[in-house]
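Here is a friendly walk through one protein model and its ligand. Please keep the viewer open while you read.

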Amino acid sequence: MPTSEELKVGGQRGRNVNRDLRSWLDSVRSLGLLREVRGADWELEIGALTDLNAKKNKHTLLFDNIKGYPDGFRVLTGALLDSRRVALTLGLSPSLNNLDLVKIIRERLAKAGGSIDEYLPEYVESAPLLENIQEEVDILQFPAPQWFEKDGGRYIGTSDAVITRDLETGWVNVGTYRLMLQDKKTVSIYIEAPRHARFMVKKYWDAGEPCPVAVSFGHHPLVSMSSGIEVPAGVSEFAYAGALSGQPYQLIKGPVTGLPIPADSEIAIEGYIVNEPKSEGPFGEFIGYYSTGTTQSPIVKVEAVYHRSEPILLGTCSGRPPHDYTYFRCPLRAALIWDILEKAGVQEIQGVWCHEAGYSRAFTVVSIKQMFGGHDRMAGHLASQCRPGAVAGRYVVVVDDDIDPSNLDDVIWAICSRSDPGTGIDIITNSLGTPLDPIADNAPSKSMTEYTSNRGIIFATKPFGKLIRNEFPKVVETSPELKERVTRQWAELFSD
Ligand SMILES: Cc1cc2nc3c(=O)[nH]c(=O)nc-3n(C[C@H](O)[C@H](O)[C@H](O)COP(=O)(O)O)c2cc1C
Ligand SMILES: [Mn+2]
């Protein structure tokens, strides 16, 4: 496999990673992956088009001339739909396959190693974001979509970056948490139990203070790639974005809270998260259901609104998978899980993949070259319980090294032919759960933090005894040499 340095578009370290949403958009356009859509309604039409597109054509969609809004107030979806877009966002060749992406993400993060400091973000003095500062806060000025028919409101924050700072340590966290419009000056925020911002907010509230917050609603998709995945505690997702792209991310200091905001942000707010719950949702969730109904969630009191001229609201919607953002978390989560397994001492991992049908969380496959009896148990149990693998998890499958973990046909064949339902499935009960789980017992009095759920780990591996004695039946397949010879001789049969 080529190294990430060789694959970088144009060469030298970091130089060609486009560092604002608009130049990123230019690259997507030049690859023919962008479609501009005029005249759609924020109410349901943008959502329906985004979801259908995610299931079928996989364009990046730029909505303009949105009903009821001035020309130039745009919405962008389909930013990270597939390997081409994710590769482009990382400054890599769009022709990379799934596992190559996982390996390069690991390589880049490993290079940053413990010293993610090399990629700490840089502050700049000014940014186009400050071109327009609202005199009177009015968050309704942006065409926030109502994504699906049964959604309970308009969501301005879907692919957002919610920035908070730890009261004690100063650690800056960036998470993607949904924000629903309440009125001109108020949005509600939905933060699930294991999220970093939740612990930060609690510290402020316990000290009797509102929690300062900044939110960016449009930025280079690299930020969304970092803020929407379980980056370890104590690490700023901005530094992670830097490590992923090999170049520090640029930020400005928010004038009200002093919190960092991406310098390329298109739209941002500053304000305070307060414990004054308001009705929020229902919202079409990533598992594919309306599991939570209406919630009572905290609100953000908005103190300042900034935007570029002709701002682009970066948005996405979930629902039945594959959806608009299932893909990008597959290589990222796979890289994070692989790393943790390796650090925990699991040897000879050949690949990890998290599948879109399992919304990147509930169907993880680990491929190993078995070295000893029980090797598959080590890999499977750890993958199911480490943080990136545990949140909203369900199934982990362990396969041998001849199985491509990202190929569902391969994986199902391995399950069917190598796993014994009587002995080859381990169950772990009472693992980390979520109220979004459609089979959870949602008793009304239950707190969000109480939820647990079970895990199934399927060992679709050749029995180790048969493997080392060379007694496992040979696979029926054409040898690489014969394959090569016939496909060369009858090339016309195999051309696209
Ligand atoms: C598009 C998108 C929307 C998300 N919406 C929410 C949400 O509304 N609430 C939430 O708690 N997590 C949501 N998540 C998941 C979190 O962003 C993710 O778990 C991330 O790790 C949170 O950051 P943290 O680890 O710093 O808490 C969303 C993720 C993505 C990619
Ligand atoms: Mn975090």
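## Confidence and ground rules

The protein chain has a mean pLDDT of 93, and 95% of its residues reach 70 or more; pLDDT is the predictor's confidence in each residue, from 0 to 100. This is a predicted model, in which local features need pLDDT of at least 70, side-chain atom pairs count only at pLDDT 80 or more, and totals for chains, interfaces and linings use all residues. Residues are numbered from 1 along each chain as its sequence is written, while chains are lettered from A and ligands numbered from 1 in the order in which they are written.

Confidence is lowest in helix H1 (residues 4-7), at a mean of 36, and highest in strand S19 (residues 395-400), at 99. Over residues 1-18 pLDDT stays under 50. Where pLDDT is low, the predicted coordinates should not be read in detail. Helices (H or I, at least four residues) and strands (E, at least two) are DSSP runs, numbered from the N terminus.

## Two domains

The domain assignment, which is automatic or from a database, gives domain 1 (4-314) and domain 2 (329-468). Their C-alpha centres lie 28 Å apart. The contact between them takes 21 residues from domain 1 and 26 residues from domain 2, where two residues are in contact if their C-beta atoms, placed from the backbone, lie within 7 Å. On the side of domain 1 that touches domain 2, helix H5 (residues 98-112) gives the most, with seven residues. By class, that side of domain 1 has 13 nonpolar, four polar and four charged residues. Here Ala, Val, Leu, Ile, Met, Phe, Trp, Tyr, Cys and Pro count as nonpolar, Asp, Glu, Lys and Arg as charged, and the others, Gly among them, as polar.

## Around the ligand

Ligand 1 has 19 residues around it, and Gly175, Arg178, Glu192, Arg195 and Gly228 come nearest; a residue is near if its C-beta atom, placed from the backbone, lies within 6 Å. Strand S8 (172-175) and helix H6 (196-206) are the elements that give two or more residues to this shell. The shell divides into seven nonpolar, eight polar and four charged residues.

## Two helices side by side in a table

Both H6 and H2 (residues 21-30) have buried residues, listed below. A residue is buried if 20 or more other C-beta atoms lie within 10 Å of its own, exposed if 12 or fewer, and partly exposed in between, with C-beta atoms placed from the backbone. The arc is that of the directions from the helix axis to the C-beta atoms.

| Helix | Buried residues | Arc |
|---|---|---|
| H6 | His196, Ala197, Met200, Val201, Tyr204 | 130° |
| H2 | Leu21, Trp24, Leu25, Val28 | 100° |

The buried residues of H6 pack against strand S7 (161-165), S8, strand S11 (211-216) and strand S14 (267-280). After H6 comes Gly208, with a positive phi near 75°.

For H2, the partners of the buried residues include strand S1 (34-38), helix H4 (83-89) and helix H7 (221-227). Ser23 and Ser30 are exposed on the face of H2 turned away from its buried side. Just after H2, Gly32 takes a positive phi of about 75°.

## One exposed tyrosine

Is Tyr123, with its C-beta neighbours inside 10 Å, buried or exposed? Tyr123 counts as exposed because it has 11 such neighbours. Tyr123 is found in strand S4 (residues 122-123) and touches Leu251, Ile252 and Lys253, not counting residues up to four places away in sequence.
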